[in-house]
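Welcome! Please have a look at the structure below, and then let's walk through how its parts meet.

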Amino acid sequence: MEWKSVCGAVQGRGHAKKDIPCQDKTARRAENGVHVIALADGAGSASMSHFGAQVVVNRMTAFVADRFFDLIAQADGRLVAQEILSVTLQALNDEAELRECTLKDLASTLLIAAVGDGNFFLAHLGDGVIGYLNETGLKVATTPDNGEFSNETVFVTSANATAHMRLYKGALKNISGFILMSDGSEQSLYNKRNKTLAPAVKRLMHRATLIDAAVLKPQLERALSTVVAENTHDDCSVAILARNSEQLPPLEALPLSERQSLFQIANDSAPRKIRQKILRCDKICALLKQPLTLRQLARRLYLSTFHTRKRLRRLLKAGVIRKVDSRYETVSR
Amino acid sequence: MNDLLRKEDLEINPTPRVPICLCLDVSSSMGRIVGGDVRDTGRREFRDGQWWNIVEGGVTAIQEMIGGVQLFYDNLLDDDVARYSAEVCVVTFGGTAPKLIIDFANLDRQEGERQQKISGLTANGGTPMGEAVNMALDCLEARKKDYKDKGVDYYQPWLVLMTDGEPNGSASELQRAIDRTNDLAKVRKLTVFPIGIGDEADMNCLAKFSPRRPPLRLKGMNFKEFFEWLSRSVSRTSQSMPGDTVKLDLDGIKKWGEL
């Protein structure tokens, strides 16, 4: 099954009140058979940290996508931590020059998850949480590194950053999802007492496997704003990497009602008619497990291209299929 | 689509807490008149190490302090964030031993008892300050342990020490309290606010409790202003995020205090 990703960040109530930009930044990247997500939470005290956090996630997704196999082949974790930080700081130094500020003004945390060829790689510095899903359920990989007090943590610019960086690698086996979250999201998606993830995380991972990121991202950010940001003053962000599995079943294995909701078919006609509409969408999604052009699909459906396009439009809007170049394909595959 | 995150599938973690211990002098000298109309009775009494003229009427230092503490609570309760994050405990020292008047709890839960217990404070006996600070530090330690056990995040604890005289409890307890406070404050595990009330407060002794910040002498009897400032500072701290350095508005306090 193919890995999918989605990420989003929203401004917290505290920052909205003081008109400070959202300092949580996320990025995702898939290339060379590697899929990477990254998240950085800019330091509250650093005036330019929203720029810093953006540079960090951009640079790190590119770097890990490029060097994934070297990173997981390296036996000495310290060298990996040093390399990640030196690449990060180099990018931040360039940014500091551009913005005419100090490195400290760009301080942020750093969370990375990447998969490639049956392996995974995780890196975490500072607060926030990295979680994953395997055949037995949601698990926590790394917990927040907060120091004793709530407003203390370690940043990429901290002197002791290398020692604080936590690294994990291994075979994916039955892992089918990863989540990175900032401390703002932690408040709703992580149980601090039991050190467990909220059940909602699994739903987010599942949606990431079923709905195209371009459609899912605004939904995710709306949900973060209206639900998660309500429980904190801080900015909220998550980045998700997931694939279909027994825990995250593919589209065709879902109950009719769930498919209806994913296809965004309203409950406004007779049950028989609704069922018919769902099965029609099912058929298109099944055919598009292999990418097809409009003409190829129309031929297989015995429909005109006009009618085929109309049906595709509905599914594109719902995000269950996407268009790559001139071909359409189902997201869940 | 609003079903992406359902409230019932989320965790509700407690708001990070700011634990504050008020360690207050209620020795006999706090019964001194600091304002209002008074009438001299002509009687004299020896209390808390000195002779006092007994008068009728007027406002005492302890009454002013009680008013300040109540105002502190009211201000915190009025603040949307501080209301749920600030936790206050009150230790008093008078008589021969310190007393834990109000133990740590959420402010709303303390509402009933605090009105009665704070209003009921009376000035009486000696100044066992060392014993009281040790009790205050024990309370803070116990509360931090509770937070850790229950997965509650918390900010650096605050100790507010207010006295109008000089300690006259056990010298070894006093030294132990000074050492403990210094050890914590030096590694930024505790914020200490030593406050001297009036001209007779032993500022040298108060200074020993605070390696980072000189003690403050309240100009006149500005309890109200001090506690207003304190509640504003708690509010700022309770909204700080990782990496924030909470700058206390010391200029604001200088206007009415003496540093």
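## Domains of chain A

Keep in mind that this is a predicted model. Chain A falls into two parts: domain 1 spans 4-242 and domain 2 spans 251-330. Taken over C-alpha atoms, the centres of domain 1 of chain A and domain 2 of chain A are 34 Å apart.

Where the two domains of chain A touch, each contributes five residues. On the side of domain 1 of chain A that touches domain 2 of chain A, four residues are nonpolar and one is charged, with no polar residue.

From α10(A), the contact draws on A:Leu294, A:Arg295, A:Leu297, A:Ala298 and A:Leu301, while α11(A) supplies A:Thr305, A:Thr308 and A:Arg309. Sorted by class, the contact of α10(A) with α11(A) holds four nonpolar, two polar and two charged residues.

## Where the chains meet

Now for the interface: 35 residues of chain A are in contact with 26 residues of chain B. The side of chain B that touches chain A consists of twelve nonpolar residues, seven polar residues and seven charged residues.

How values were computed
Residues are numbered from 1 along each chain as its sequence is written. Chains are lettered from A and ligands numbered from 1 in the order in which they are written. This is a predicted model: local features need pLDDT of at least 70, side-chain atom pairs count only at pLDDT 80 or more; totals for chains, interfaces and linings use all residues. Two residues are in contact if their C-beta atoms, placed from the backbone, lie within 7 Å. Helices (H or I, at least four residues) and strands (E, at least two) are DSSP runs, numbered from the N terminus. Ala, Val, Leu, Ile, Met, Phe, Trp, Tyr, Cys and Pro count as nonpolar, Asp, Glu, Lys and Arg as charged, and the others, Gly among them, as polar. Domain bounds come from an automatic or database domain assignment.
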